[in-house]
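Visitor: I have a model open here and would like to talk it through with you. Could you walk me around it?

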Amino acid sequence: MTTAYSIGIDLHRTVIQICVLDERGERVAEERIRYRSLEEGEKAIAWLRHFAPSCRIAVEAPGLNRWFANACLAAGLDVLVCDPRKLDLKKLGKKTDRRDAREIARLNCDFGPGGTMSLPEKASGACLCGVVRFTASLPSLSCAHCHCSMCRRNHGAGYVTWFAVPPAQLVVESGADQLVRYESSVHGNRSFCRRCGSSLFCENTQHPDRIDIALGAMVEPIDREPQLHTYFDSRASWIRVGDELPRLGGKTGLEPLPETKREEGG
Ligand SMILES: [Zn+2]
Ligand SMILES: [Zn+2]
């Protein structure tokens, strides 16, 4: 069966931008659907069904969009998940939802027939010197930028991006004997490479169901993008954040902050 329509989807927090191309790459339709709940997201699936069975849908990176990819699959639609690095949307110039959906649809055409949904099942990482190598099985549990002072000092960085997996999903393939565990607090410990000093993992006895892995140490992409900022009220005074991700803080690092503390310089 040939695929008559290539559909690109750019999914944002409350808007789904859709672009439909025919087999020659000509634009057939564009649609912008607002949604504030998953039920409303079903409206988009219903709209997409008009193009089934001869269509293939491409969405950018799973992560927060996983529900949508899953809902499409449940509706019997053909879904392809694009690697955002292959899209390079930001390099193409000014970012708009509409253009992004079109680019994703075009990339979808390029894959030709028979593309399959490709969520990464695992991702490998390493320290700077390469002595410590590890693999994290996916799916991950979360991914967030941490602005707490301990992370900043430990990594010598403005903030540190962590993703978490259940401990059983992390396998140290080599250099386990070179990993040093440092107890950074009563509940927490951090592991780093004895040889090069790269900080790799962070564990907390209060959350034994998860281990944090420094995203910057990954060699391969994981299954999601950063979702939020934690301990944002502890951030370095010289850090400027320009993204739209939620900014949380307080005692647990995950509490809503008053407006003033979410703004730059607040
Ligand atoms: Zn090392
Ligand atoms: Zn932290």
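This is a predicted model: local features need pLDDT of at least 70, side-chain atom pairs count only at pLDDT 80 or more; totals for chains, interfaces and linings use all residues.

Visitor: How many helices and strands does the protein chain have?

Guide: The secondary structure of the protein chain comes to six helices and 17 strands. Of its 266 residues, 33% are buried, and among the contacts with a separation of 6 or more, 57% are between residues 24 or more positions apart.

Visitor: Okay, and which strands form the open sheet, in what order?

Guide: Seven strands form the open sheet, and the order across the sheet is β11-β12-β13-β14-β9-β8-β15, with mixed pairing. The edges are taken by β11, residues 179-183, and β15, residues 228-230, and because each has a single partner strand, one side of each is left without a neighbour in the sheet. On average, neighbouring strands of this sheet are turned by 30 degrees against each other, if direction is ignored.

Visitor: What joins β11 to β12?

Guide: Five bridges join β11 to β12, which covers residues 188-193, and the two strands run antiparallel.

Visitor: Switching to β2 and β3, in which sense do they pair?

Guide: Strand β2, residues 15-22, and strand β3, residues 27-34, pair in the antiparallel sense over seven bridges, and Val 15 stands opposite Arg 34 in β3. The two strands make a hairpin with four residues between them, where Gly 25 takes a positive phi near 85 degrees.

Visitor: Now the backbone: which peptide bond is cis, going into Pro 139?

Guide: The bond from Leu 138 to Pro 139 is cis, with omega near 15 degrees, and Pro 139 is found in the loop between β7, residues 133-137, and β8, residues 142-146.

Visitor: And what is the phi of Tyr 231?

Guide: Phi of Tyr 231 is near 50 degrees, which is a positive value in a residue other than glycine. For context, most residues other than glycine have a negative phi, and most peptide bonds are trans.

Visitor: Where is Tyr 231, then?

Guide: Tyr 231 has its place in the loop between β15 and β16, the latter being residues 248-249. Tyr 231 counts as buried because it has 24 C-beta neighbours inside 10 Å, the threshold being 20 or more.

Visitor: Last one, Arg 152: which helix does it lie in, and what is it in contact with?

Guide: Arg 152 lies in helix α5, residues 149-155. Leaving aside neighbours within four places in sequence, Arg 152 is in contact with Ala 157, Gly 158, Tyr 159 and Ala 236. The C-alpha atoms of Arg 152 and Arg 235 are separated by 8.8 Å, although the two residues are 83 apart along the chain.

Visitor: Why does Arg 152 count as partly exposed?

Guide: Arg 152 has 19 C-beta neighbours inside 10 Å, so it counts as partly exposed.

Key
Residues are numbered from 1 along each chain as its sequence is written. Chains are lettered from A and ligands numbered from 1 in the order in which they are written. Two strands pair if DSSP finds at least two bridges between them. Axes are lines fitted to C-alpha atoms, for helices over the stretch in contact, and angles run from 0 to 180 degrees between N-to-C directions. A residue is buried if 20 or more other C-beta atoms lie within 10 Å of its own, exposed if 12 or fewer, and partly exposed in between; C-beta atoms are placed from the backbone. Two residues are in contact if their C-beta atoms, placed from the backbone, lie within 7 Å.
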